[in-house]
Amino acid sequence: MPHDDSTFRFRVVTYNIHKGIGGLDRRYRPQRLVEALESCQPDIVLMQEVDDGAPRSNSDFQAQMLAEALQMEHHAFQRNVTLRAGHYGNAILSRFPLTDVDHADLTIPLKKRRRGLLATCTLPCPEGPRALLIVNVHLGLAAFERKIQLRRLLQHNAVGQAAQQDPLIIAGDFNDVWGTLGRKMMAPAGFDAAGEAVRTFPAAAPLLALDRFFYRGDLHAEEGFAIRNPASRHASDHLPLVVDFQLLPASYRSLDREGTD
């Protein structure tokens with residue numbers, strides 16, 4: 001894998017923030033979220049269970065609040081669950097411009113409303129701006145539900161029509177207790193996994209690898225890791241999962257093709 005100035009490196013974090021309510025003390029302390037995310041040094045953040053106007057989180061618009069605290073100029077929010085007052089859902093924060101925000105309906109009848117949040121992120125690469133499709137998901141609790149949701153997501157226009165070389169990241173809380181979705185569903189669709197074995201739940205003493213990254217196209221991923229520090233152990237019931245990516249120039253794809261003819 002090339003390691004030179006022609007590749008563009010960026011860091012992505014997926015984090016189920018549990019509305020900013022601590023997994024141990026059940027207290028809303030948004031500063032702990034800020035400290036946990038600052039320690040990740042992210043370029044792009046995919047968050048799940050993000051509150052918007054809910055009394056339990058001081059009626060904060062958490063996506064905007066965290067974007068401002070992290071000095072991330074761009075953000076997108078998706079309202080999925082309606083509460084008596086306010087909503088919660090998924091959010092994407094980014095240092096790079098976000099466009100073409102879209103929503104994939106992943107709701108299964110009689111189950112909680114769930115959607116995938118999609119956005120195109122424009123990366124300032126040495127060879128010129130490149131588009132990266134990002135998909136943020138929080139899948140259901142039942143195994144059959146997750147399979148239907150992933151199948152539906154892979155058939156979404158933005159994902160299904162993307163070429164195999166187009167940079168694409170699907171990440172979030174997969175609730176995949178047995179770790180089978182990657183092998184059974186994502187690998188056949190051309191995706192590689194990152195951070196697949198990193199335990200992120202519960203935050204205080206992680207036992208399960210519920211948070212995942214899948215990617216394909218002109219991307220290379222380094223080994224994923226969880227951030228464990230006092231803030232992250234108390235801010236949520238999940239730990240943030242971090243993966244460093246390289247976006248490879250199209251010229252490398254051409255060279256690889258020439259070398260295998």
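Beyond its neighbours within four places in sequence, Phe10 is in contact (heavy atoms within 4.5 Å) with Asp43, Ile44, Phe96, Leu123, Leu132, Ile169, Leu219, Val243, Asp244, Phe245 and Leu247. This is a predicted model: local features need pLDDT of at least 70, side-chain atom pairs count only at pLDDT 80 or more, and totals for chains, interfaces and linings use all residues. Residues are numbered from 1 along each chain as its sequence is written, and side-chain values use heavy atoms, without hydrogens and water.

A nonpolar core is a set of buried Ala, Val, Leu, Ile, Met, Phe, Trp, Tyr and Cys residues joined through side-chain atoms within 4.5 Å. Buried means under 20% relative accessible area (1.4 Å probe, protein chains only).

| Core | Residues | Among its members |
|---|---|---|
| Largest | 28 residues | Phe10, Ile44, Leu123, Leu132, Ile169, Phe213, Phe245 |
| Second, separate | 23 residues | Cys40, Ala63, Ala91, Ala235 |

Strands are DSSP E runs of at least two residues, and helices are H or I runs of at least four, numbered from the N terminus.

An open sheet of 6 strands runs in the order 5-6-7-8-10-9, with mixed pairing; strands pair if DSSP finds at least two bridges between them. Strand 5 and strand 9 (192-194) are at the edges with a single partner strand each, so one side of each lacks a neighbour in the sheet. Strand 6 (residues 115-125) and strand 7 run antiparallel, joined by 9 bridges. Cys121 has Leu132 of strand 7 as its bridge partner.

In helix 3, the buried residues are Glu145, Arg146, Gln149, Leu150, Leu153 and Leu154. They fall within an arc of 155° (directions from the helix axis to the C-beta atoms), so they line one face of the helix.

Methods:
Buried < 20%, exposed > 50% of the residue type's maximum accessible area, 1.4 Å probe, protein only.
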